[in-house]
Structures are given as structure tokens and as C-alpha cells.
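Open your viewer and get ready to click along. We will go from one selection to the next, and at each stop you will hear what is there.

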Amino acid sequence: MDFTLSQEDQELVSLIDRIGAERFQPKAFERRNQDGHPIDNMRLLGQLGILGICLPVEYGGQGRDALSGVLAIEHIARWCPRTSISATMAIAGPGMFIAKWGTEQQKARYLPMIHTGEGNMSIALTEPQAGSALTDLATHAEIRNGVCRLNGHKTFCSHAGWDRHVLVFCRFAPGTSGIGAVIVERDSPGFTISKPHYHISGTPWWELFFDNAEVPEENVLFAGGGFRKLMSSYSLERCAAGASSIGIAQAAFEMARQYSIERKQFGRPICDFQLIQEKLANMYLALEQARLLLYKAVKGGQGSLGRLESSAAKVAATEAAVFVCDQAMQIFGGSGMSREMPLEWMYRIVRTATVAGGTSEIHRGMIASEIVGRRFNHRAG
Ligand SMILES: Cc1cc2nc3c(=O)[nH]c(=O)nc-3n(C[C@H](O)[C@H](O)[C@H](O)COP(=O)(O)OP(=O)(O)OC[C@H]3O[C@@H](n4cnc5c(N)ncnc54)[C@H](O)[C@@H]3O)c2cc1C
């Protein structure tokens, strides 16, 4: 197997590493409690064509494969975790759903805003009673006389309070099995949004309320019957979450490696102690194994990736990142536990990634289902 990156991907990675070191890293830690997307970084990434790297060329994107997308996210994350979270949504989020399944009108309206960094779109799947059991979602839509009316309640929607649009997954007509998706604009009548809540990472999330919320019928992406297709596009976002986690963990690893060389105890650098060496070796192994699974899952893909490979990549990458950041904190000793140092924040970010985008348990279930060759029924009764 050839593990060499193409010339184009090598150039992409060195461009991001250059702007990351010069422009992103100096302010990265300050951004941990920032209100709003890191819009200056997003605009720069937009101008360089990086936010639209996987979007179709006809709509201003670069039409490159999923490997270029995850490489971009991984390298952005090394320099600025906060920017990588926003960039993940732009590169691998709702824009990819619209590019694949949207009408020409939807693509022309929304994709340019996404790839320039001017109009991020959030995604609303989770409901208070439908988290892992997504097919239980109760938010429903009805189309009449050219208007789509939504009723329901969504939760845990990252960034929704900052974004102009949200892609809402809903059932078409209550009690039916057809799940589809609708693009809802922020100022739509009947659509309200809670005050912000916060994940342990400091990233905000909002609850969304739809009370006969009205959007034009043209905003409907799938009027039911689209659940499988929509979820197949979600696999890129899962791999992207893995890429962001690996990028953050790589930065933690570099910090710990350097610290182990500089920090002296008992008159010697702490990297002279075999127990520290073991940690560094295990961190390296975890990162490299996860990265290989991730690149294998996305290489040559264009959005709809293999279920087995993308679940495996997501679990391996996010769990490796938790392990690596945890070990990096340990190598830093007391400083690793300090809120004045970025490591504990980096740990908190990667820790949330084992739940966001489907929990590790749900992805292990999907892996087992692919291995055994049948779907398991989790439903009671
Ligand atoms: C940082 C972050 C960002 C998020 N962003 C968004 C977003 O932008 N939009 C959005 O819609 N949602 C978002 N979410 C929500 C996320 O998708 C859900 O939290 C996740 O799918 C789990 O759902 P739940 O919280 O209801 O947990 P539950 O489904 O209630 O699960 C609770 C526990 O039970 C386990 N469990 C459940 N079913 C099974 C099973 N069949 N087998 C084994 N174990 C099981 C789970 O793994 C978990 O450990 C985000 C979450 C986080 C943490």
C-alpha cells in the first residue's frame, strides 16, 4: 500500500502548517471562551479555498476527495482546536449533504456562504428523547401550499446560536417512518432558540424550538425517505471529528515530547525515565494506528464512506486522542492539571468527541453489525 501523500495534499498540509503557526497558534488558547466562530481564521481558510475543499467545483469548491478534507481538518486542529471545530462543520458538515442531495437552487444559495466562511450552517438531529435512537425523532414537518411547517424540539445543537441556518432532521407527517431534512433560516417565523449551554470543552450548544415554524418548500432537502442517504453523508463528518481529535492530540504529544526533554527531576531530563519513555511510545503508537485507520477510511472517498471503515476510524481516532491528551497531562505533572495551560482544555475537547457524532458504544455496535453481517435490533419488546 502506498502511504505517500499526493503532491497536492503535501502542498495543502504545508500551507496549513505555515498559516497555522503564523496566524492561528498565537491566539489559539485565548479563543477557548470566545463567543462566536473564529471568523478571521474562517475567512482566511475560505479565501484559500480550504473550507470548500470537498465541495463541487461548479459551486466554488475544489472537488477534492475526503482525504484532502480530513488532512485539512487535522492540520488546522494542530494549531487551533477552536478553528478546527468550526472548519469541520464547513468542510464536512451540512454543505456536503446539500452538495450531494440538494437542488440546484439550494446548492447555489448555500454552498458559497459555507465555503467562504461567511455563513456556517449547524445540524440538528438530537432530541431530548432521541439521541442514539435517532429513528425515534419526533420533530415533524408538513408541506402545504408551498410552505413547510415544522413542530418539535431539538437539543445539543452545536453553534446553532451563531449560525444563520440549521439543517433540521425531521419526520414528514407525525407517526410516519419517513425521515427527511429541511434547511431552516434563523429568522423563520415560529423558530426560537434557547440561551446557550456549554459542553465541558467550552463549546456552546443550543436547544431549538419549532412551533409551526414556517420555511419555503424549496428549503426541503428530503421530504421523508432520505434517512439512509442522509446518514451515509454523515460518515464524512464522523471521520472529520476523528481528524480534528488526532490533530489536537498530535499537538498535545508534541508538547509532552518537548517538555520531557526540557524538564529535569533528580538531576536528569524526565525522558530519561523508562516510565516516561513508555508513555511517549504508547502515545506515538496510538496516534499512528488511529491515523492509518482514518486515512484508509477516507482515501479516494467523496462523502459517502464505508460504514465499517468510518465507524472504526471515528472510534479509534477519538479514543486515541483521549488517551494521548490524558498521558500528555500526566507528563506535565502539576502544570498539566493547570487551567492556565492549554492541555486540560485540549483534553476536554477530545473527550466530548467520543459522544458527538454517535457514541463509541453505538459505533462499536455498527462495527459488530458489519462484521456479523446483520443489523441488531436494540428496541425493547
Ligand atoms: C460535543 C458535542 C457536540 C454535539 N453536537 C451536536 C449537534 O451539532 N447536533 C446534534 O443534533 N447533536 C449533537 N450532539 C449530540 C450527540 O449526537 C448525542 O449526545 C449522542 O448521539 C448521544 O445521544 P444522547 O446524548 O441522547 O445519549 P443516549 O443515546 O441517551 O446514550 C446514553 C448512553 O447509553 C449508551 N447507549 C445508548 N444506546 C445504546 C445501545 N444500543 N447500545 C449500547 N449503548 C447504548 C450510549 O452510548 C451512552 O453511553 C453533540 C454532542 C456532543 C457531546
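A word on residue classes before the tour begins: Ala, Val, Leu, Ile, Met, Phe, Trp, Tyr, Cys and Pro count as nonpolar, Asp, Glu, Lys and Arg as charged, and the others, Gly among them, as polar. What you have on screen is a predicted model, where local features need pLDDT of at least 70, side-chain atom pairs count only at pLDDT 80 or more, and totals for chains, interfaces and linings use all residues. Residue numbers start from 1 along each chain, as its sequence is written.

**Stop 1: the whole protein**

Show everything as a cartoon. You are looking at 11 helices and 11 strands; these are DSSP runs (helices: H or I, at least four residues; strands: E, at least two), numbered from the N terminus. The C-alpha trace spans about 80 × 50 × 45 Å along its principal axes. With 381 residues, a compact globule would have a radius of gyration near 21 Å, and the protein agrees, with 21 Å. That radius is taken over C-alpha atoms, and the globule rule is 2.2 Å times the number of residues to the power 0.38.

**Stop 2: the domains**

Colour domain 1 (7-120), domain 2 (122-225) and domain 3 (228-372) separately; the bounds come from an automatic or database domain assignment. The C-alpha centres of domain 1 and domain 2 are 24 Å apart. Their contact takes 17 residues from domain 1 and 15 residues from domain 2, where contact means that C-beta atoms, placed from the backbone, lie within 7 Å. On the domain 1 side, select α4 (81-92), α5 (94-101) and α6 (104-116), each of which supplies at least two residues. Which helix gives the most to this side? It is α5, with 4 residues. By class, this side of domain 1 has 7 nonpolar, 9 polar and 1 charged residues.

**Stop 3: around the ligand**

Next, select the 21 residues around the ligand; Gly131, Ser132, Ala356, Thr359 and Glu361 come nearest. A residue is near when its C-beta atom, placed from the backbone, lies within 6 Å. The shell has 8 nonpolar, 12 polar and 1 charged residues. Domain 2 and domain 3 each give at least three residues to this shell, and β1 (121-124), β3 (147-158) and α11 (360-372) each supply at least two.

**Stop 4: two helix pairs**

Select α3 (residues 66-79) and α8 (residues 274-298), which pack at about 145° with axes 8 Å apart. The axes are lines fitted to C-alpha atoms over the stretch in contact, and angles run from 0 to 180 degrees between N-to-C directions. Ala66, Leu67 and Val70 of α3 meet Leu294, Tyr295 and Val298 of α8, giving 6 nonpolar, no polar and no charged residues.

Finish with α9 (residues 307-331) and α11, whose axes come within 9 Å and cross at roughly 145°. Among the residues in contact are Arg307 and Glu319 of α9 and His363 and Arg364 of α11. By class, this contact has 5 nonpolar, 3 polar and 5 charged residues.

Conventions
Two residues are in contact if their C-beta atoms, placed from the backbone, lie within 7 Å.
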